[in-house]
Structures are given as C-alpha cells and as structure tokens.
Amino acid sequence: MWSRESASSLLICLLSHTALWKTRSVNGDASSNAFKTNITLFTRILDSLLDGYDNRLRPGLGDRITEVKTNIYVTSFGPVSDTDMEYTIDVFFRQTWKDERLKFKGPMNILPLNNLMASKIWTPDTFFHNGKKSVAHNMTMPNKLLRIKDDGTLLYTMRLTVHAECPMHLEDFPMDFHSCPLKFGSYAYTISEVTYAWTLNASDSVTVEGESSRLNQYDLLGQTVGQETIKSSTGEYTVMTAHFHLKRKIGYFVIQTYLPCIMTVILSQVSFWLNRESVPARTVFGVTTVLTMTTLSISARNSLPKVAYATAMDWFIAVCYAFVFSALIEFATVNYFTKRGWAWDGKSVVTEKKKERTSTVKRNNAYAVAVANYAPNITKDSSTLPAFAKGGATDPIKGKAGCKAQESKKTFNTVSKIDRMSRIFFPVLFSSFNLVYWATYLNKKPIIKDMVPAN
C-alpha cells in the first residue's frame, strides 16, 4: 500500500514538472515570436517610409513653406581670444520640422534612430554665418540623434564645436563689455521656401549649462535671442541670432599693470625729497622710472590686437608716463638753477663766494709781502721773529674762522621752492586723476534689453 501511494505521488510530480516545462517553453516561444514580429514590423515601417522618398526635395515643396524650429543647449562656453576676436562654444544644436512623407502607424509613437537614417532623409542646410570653423563630433560614433513621430515631426540633434567671430570695441579696455553673436540660417533656401523660428520662448531657447564656462578673463552675464532677415544678390534669408554678453574681469590687469604704474609714479615723486645737490641719486630715480613706464606700456599691448585707437589702459599709462617724465624735467629745472648758482629767492651765491676767495687771497699775499720786506732787517735777536711770526700767524686762523662764519650764512644748500611746491602739487594732481579715472570707468554699465541672466 505504501509503495502504491509513493509511486502515485512520484508520477504526479513528474507530470506537474512536465506541464510546467511545456508552459515555459510556450511562453518563451511566444515572447521570442513577439520580439521578432516587432523587429519585422519596425523594419517594414522604415522600409515603407523610405520607399519612394526623395531626400533631394524639401517637405511641402510647392505647397507650403518649411518651418524649422531650433533651440541651443550650451555645454561649454570659451575661451575668448582678444587678439583674434573670436570665441569657442560647444553646443547641442537641435532642429525640429515636419515632413508629411514620414508619417507612420505602429505600436510606438516615436522611432528613435541614429545618424544612418539622417543621411537618407531631407535635413535643413543650416550653417553659421559668423563661424570661422565648425566641428561635428564623431567619436566614437557621429554624435547625432534623430527621432521621428508618427505625425511626421522630426527632431534632429547634433553636437557641435563652433569657433565664431566676436567683434570687440576696446575703447574701455579693461573695463569693457562685449556681446558675442552666434548667427545661423539656411544656406540655399530663401524665406519663400524655408524659415526658422525658436522652439521655445526667449528665456528657454538658448540655455547655458551652469558652471560650464571656460572663461578666465570674463564673466558671462547672460544671453539674448532674436531673429532678422538679410538680403543678398540671391534673395532674402532668415537669420537666427543669439548674443552672449560678457564682462571682463579687471583683477589680472590691476595686478599686472595698474599697481606697477601707480608705484612707479610714487617712486618718481620720492626724488622731490632728496637734496638737490644729490645729482646721481635723483638722476637714477628719473631715468629708471621712465624706462620702467616704457616697459609696462609695451607689455600691456602684447595681449591686445593692434587697434588704431587708444584704450582706457593706454590713457592711464600715458598719464602715468607724463607724471614720471615731468618729475625728471622738474629735477632738470632745479639742477639748472643750482649749477648757475642762483637760488629761487634771487640772491647771487657765486658773487659771495668770489668775494670770500678774493679776501682770502689778499690776506695770504699781504703776509707773504711782509715776510719778504722785513726778513733782511731782522737782527739776531730772536725775540722779534717769534713775535712777528706769532702776529702774522694769527691772520690765517682768523680768516678761516671768518670763512666758516660766512659759509654758515650761505643759501646755497637750502631746499628749492620748486621742490617744495612739487611735493604737494604732484601727489594731489595724481590722486585727483585716479579718482576721476576710476569713478568714470567703473560706473559704466551697458544697457541690455531682454537679457536672460546666466545661471
């Protein structure tokens, strides 16, 4: 009895496992068949879309104007080259248009495809008007995306790196603002055939990724978008514009140019406090500061294009150069009057010196004549000679004392009034110039309408 029950239970287990295996095999075959069916269906859809499709003809030819909607997502902005007046931008460039020839019916509303399909259908001939060089990324495969909706709407996205022109006006350099444009449109189709429009509103049509800029000398303030029409000999064309507004950072130029210029001017004014007879010291101050300003002016121009007008930095360097050169001229003026022997108060110093020298020579000559006349008549009495010699020896000592007394009364070593006035006039004038200069340029702000602030 026990053997029959065990045999029946074993048989039931075997039958249940067999039934389960058959069920799983049937389900696997069904899913595999469904997957093959979907692949076959998508293949048939793509084949039917391309059957009789001519990618040389634009959508709506002879019936309507093809409208291409665009938007841009900026993944990287910069660097900006001042010497070449250009900038580099890395974007996801998106275009959307409708092609009724690509309508389909299937289990999916959107067909995600790659770049191979994009080469078999019509795509807009968009180009960048101010682009110097554009690169479409192809690693590891062409960075392109194509999606087709069941109503024939297409989304075509590609990753591009564009080197575009950026016209710069450097009159306010380095406190300047710039607006770098990005212009694009159709190369061959006029506005009667293809037009462009922004996909979203002005604030969302051009988006810049936060902390994506590679700008060392600029701050990205924001961007504005627009649309314009240009005329040429072949017709009128729609041009989409996006302007990126930049403000230059002044910190680098303050450290490298402005502070050295200010310190050089201050150093040149130290010579006003030196004695005017210290010709070597004051000459070194004057010549060294002039050469330093010349070197600074040359180095400041190396990072700029060779423009024909003066920038704000050029004006500052020119004024500093004028102050340094004026300090050298001031010393030359003071030294000129010193060498002529005329003090600023009009008293002649040379005349007094000549009088002193003449009186000294006369006393020495009188002493020599007296010795010559009385020497033969001197007796052997030794008491007379010492007395005479003693009396004659006192005159030179008294003359030297008189000279020292007169030298103490000279005005030759007094501070020139030119130096006294320069000690006040030069610092006050240079401080006033700096106040006006920085107040004028730092308070300048551009007026930008409809600007979307950067993230």
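Strand 9 (residues 194-198) sends Val194, Tyr196 and Trp198 one way and Thr195 and Ala197 the other, and all of them are buried, buried being under 20% relative accessible area with a 1.4 Å probe and protein chains only, exposed over 50%, and partly exposed in between. In a regular strand, side chains alternate between the two faces of the sheet. Strand 9 is mostly covered, with 5 of its 5 residues buried. Strands here are DSSP runs of E with at least two residues, helices are runs of H or I with at least four, and both are numbered from the N terminus. The model is a predicted one, so to speak of local features takes a pLDDT of at least 70 and side-chain atom pairs count only at pLDDT 80 or more, while totals for chains, interfaces and linings use all residues. Residues are numbered from 1 along each chain as its sequence is written, and side-chain values use heavy atoms, with hydrogens and water left out.

Strand 9 has a parallel partner in strand 1 (residues 66-81), with 5 bridges between the two; pairing takes at least two DSSP bridges. Thr66 has Val194 of strand 9 as its bridge partner. Elsewhere, 5 strands form an open sheet in the order 4-8-12-11-13, paired antiparallel. Its edges are strand 4 (126-128) and strand 13 (452-453), each of which pairs on one side only. Within that order, strand 8 (residues 177-186) and strand 12 (residues 235-248) run antiparallel and are joined by 9 bridges. Gly185 sits opposite Val239 of strand 12.

Taken as a whole, the protein chain has 9 helices and 13 strands, and 33% of its 455 residues are buried.

The largest nonpolar core holds 76 residues, and Val74, Phe77, Tyr87, Phe244, Phe316 and Tyr437 touch the most other members. Such a core is a set of buried Ala, Val, Leu, Ile, Met, Phe, Trp, Tyr and Cys residues joined through side-chain atoms within 4.5 Å. Helix 6 (residues 312-340) is the top contributor to this core, giving 8 residues. Setting aside neighbours within four places in sequence, Tyr437 contacts Met175, Tyr258, Ala312, Met313 and Phe316.

Helix 6 also carries Thr338, which counts as buried because its relative accessibility is 10%. The C-alpha atoms of Thr338 and Arg276 are 7.7 Å apart, although 62 residues separate the two along the chain. Pro427, in helix 9 (residues 417-442), counts as partly exposed because its relative accessibility is 28%. Beyond neighbours within four places in sequence, Pro427 is in contact with Gln269 and Ser422. From Pro427 to Phe323 the C-alpha distance is 9.8 Å, across 104 residues of sequence.

The largest pocket has a volume of about 200 Å³. On a 1 Å grid over the protein atoms alone, a pocket is an open set of points where a 1.4 Å probe fits, with protein on both sides within 12 Å along at least five of seven lines, and lining residues have an atom within 4 Å of a point. Pro167, His169, Glu171, Asp172, Met175, Asp176, Phe177, His178, Ser179, Lys444, Lys445 and Pro446 line the largest pocket. By class, this lining comes to 4 nonpolar, 3 polar and 5 charged residues.

How values were computed. Grid points are joined across faces, edges and corners, and a volume is the space filled by probe spheres set on the points. Ala, Val, Leu, Ile, Met, Phe, Trp, Tyr, Cys and Pro count as nonpolar, Asp, Glu, Lys and Arg as charged, and the others, Gly among them, as polar. Contact means heavy atoms within 4.5 Å.
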